[in-house]
Amino acid sequence: MRWLCLLLPLLSLPIVARPAWCWDPPGHELVGAVADRLLTSDARRHVEQLLGYNLETASKWADCVRSVERRPDGSFVYDATTRYQHWCEGFMAPAEVARMEDYVKRNWSNCQGPGAGHGCHETYHFTDIDVQRGAYGKGFAGASPHDVVGAIDAAIDVLEGRAAPPPFSIRDKKEALLMLAHFVGDLHQPLHGGAIYLDAEGRPVSPGQPGVGGADIRTKGGSAIRIGDKNLHAMWDAVPDGWSLATQPDLLALAREVPKTQGPLASWPEQWASESVRQAASAFSGVSIGARQDGVWPAKLADPAAYEASAERIKRRQIARAGARLAAVLNALWP
């Protein structure tokens, strides 16, 4: 599962059973900042009335809630000592902390959970479609009713005045908007959409085929692929130091050029997920993967400099797309 990817020094430590930042907080802030600048006046007014702050701030909320821990007595308590607490200062008012704790409690065991110590809400951040599929499908291995596509669908339902479908528990439109602001960003990180499945020797396999299956073929969105002292998923979560709209003004220009997604609003998340699955294939291009060792596949890059440059181009494009599309959803809801 994707909770293995981060809450560790960026790009460094190996896999740990701890919640993930995906993108990094600066990446999510960029998505929100782009969206803030593309809202119509009416959509901006609704955002301000629901949240009391902008999308740039709201974009981090769904990762901040992952610092809520379930205690042995069954209570849910926000842990303010986590490494990235400073990114969550905007949610430290007592009512905001209470909301985070209540959200995690309501979304902890409402689906087939991800494992001991982790709630169902952590599955809302990703889907793991085999990149060989080339598209997202709700019936494909790696998809679930409570993956990131389902989470975006549920948030839109609530914002349109309907109840959230099971297994999601969304208290109100504010909570739905907080979820949407984050999960649209997550969906555009390619390794939150697509994944590669490997046999013990590091050869790609297709889950669901006769004789192929089980947890031992899952690379967890690249978290179980190690390149030196880094895991592949964390490499794709990270954005270069210093990225902001001030230093990267082309991000907003790129966002303005993103074509309108065709079809009804309800179809948009699946279309974006299919795009991310196709983008995820690039994450494995030029990566040589060896045999599994202690649950992790060691790997090497054929040309590290070229790989990094390609990844940076894709990240730039995907952040711009995510910001444009988050704004597009809200502009469609509040035209």
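This is a predicted model: local features need pLDDT of at least 70, side-chain atom pairs count only at pLDDT 80 or more; totals for chains, interfaces and linings use all residues.
Helix 5 is a handy place to start: on the face turned away from its buried side sit the exposed residues Pro94, Ala95 and Lys105. Helix 5 runs for 13 residues and spans 18 Å from its first C-alpha to its last, close to the 18 Å expected at 1.5 Å a residue. Its buried residues are Glu96, Val97, Arg99, Met100, Tyr103 and Val104. Looking down the axis of helix 5, these buried residues fall within an arc of 155°, so they line one face of the helix. As for what the buried residues of helix 5 pack against, the partners are helix 4, strand 1 (68–70), strand 2 and helix 7 (173–187).

Some of these residues turn up again around Trp61. Leaving aside residues up to four places away in sequence, Trp61 touches Phe91, Arg99, Met100, Tyr103, Glu175, Leu178 and Met179. Trp61 and Met100 also stand out in the largest nonpolar core, which has 73 residues: along with Leu55, Leu180, Phe183 and Leu330, they touch the most other members.

Next come the cysteines. A search of the whole structure turns up 2 disulfides. In one of them, Cys64 and Cys88 are joined, with their sulfur atoms 2.1 Å apart. This link is left-handed, with -90° about the S-S bond. Cys64 belongs to helix 4 (residues 61–64), while Cys88 is in the loop between strand 2 (76–78) and helix 5 (94–106), so the pair ties together parts that are 24 residues apart in sequence. Cys64 and Cys88 are both buried.

The other disulfide joins Cys111 to Cys120, with an S to S distance of 2.4 Å. Here the torsion about the S-S bond is about -135°, so this disulfide of Cys111 and Cys120 is left-handed. Both Cys111 and Cys120 are buried as well. With the bonded cysteines of the chain numbered in sequence order, the pairing reads 1-2, 3-4.

Arg66 sits in the loop between helix 4 and strand 1. Is Arg66 buried or exposed? Its relative accessible area is 2%, under the 20% cut-off, so Arg66 counts as buried. The side chain of Arg66 has a polar contact with the side chain of His125, at 3.4 Å.

The peptide bond from Pro166 to Pro167 is cis, with omega near 10°. Pro167 is in the loop between helix 6 (148–159) and helix 7. Further along, Lys220 has a phi near 55°, a positive value in a residue other than glycine. Lys220 is part of the loop between strand 4 (194–195) and strand 5 (225–227). Asp294, not a glycine either, has a positive phi of about 55°. The loop that holds Asp294 lies between strand 7 (287–289) and strand 8 (297–301). The relative accessibility of Asp294 is 84%, over the 50% cut-off, so this residue counts as exposed.

How values were computed:
Residues are numbered from 1 along each chain as its sequence is written. Side-chain values use heavy atoms; hydrogens and water are left out. A nonpolar core is a set of buried Ala, Val, Leu, Ile, Met, Phe, Trp, Tyr and Cys residues joined through side-chain atoms within 4.5 Å. Buried means under 20% relative accessible area, exposed over 50%, partly exposed in between (1.4 Å probe, protein chains only). Contact means heavy atoms within 4.5 Å. A disulfide is a pair of cysteine sulfur atoms within 2.5 Å. Helices (H or I, at least four residues) and strands (E, at least two) are DSSP runs, numbered from the N terminus. The expected span of a helix is 1.5 Å times one less than its number of residues. The arc is that of the directions from the helix axis to the C-beta atoms. A polar contact is a pair of N or O atoms within 3.5 Å; within protein, one must be able to donate a hydrogen and the other to accept it, and residues adjacent in sequence count only if both atoms are side-chain atoms.
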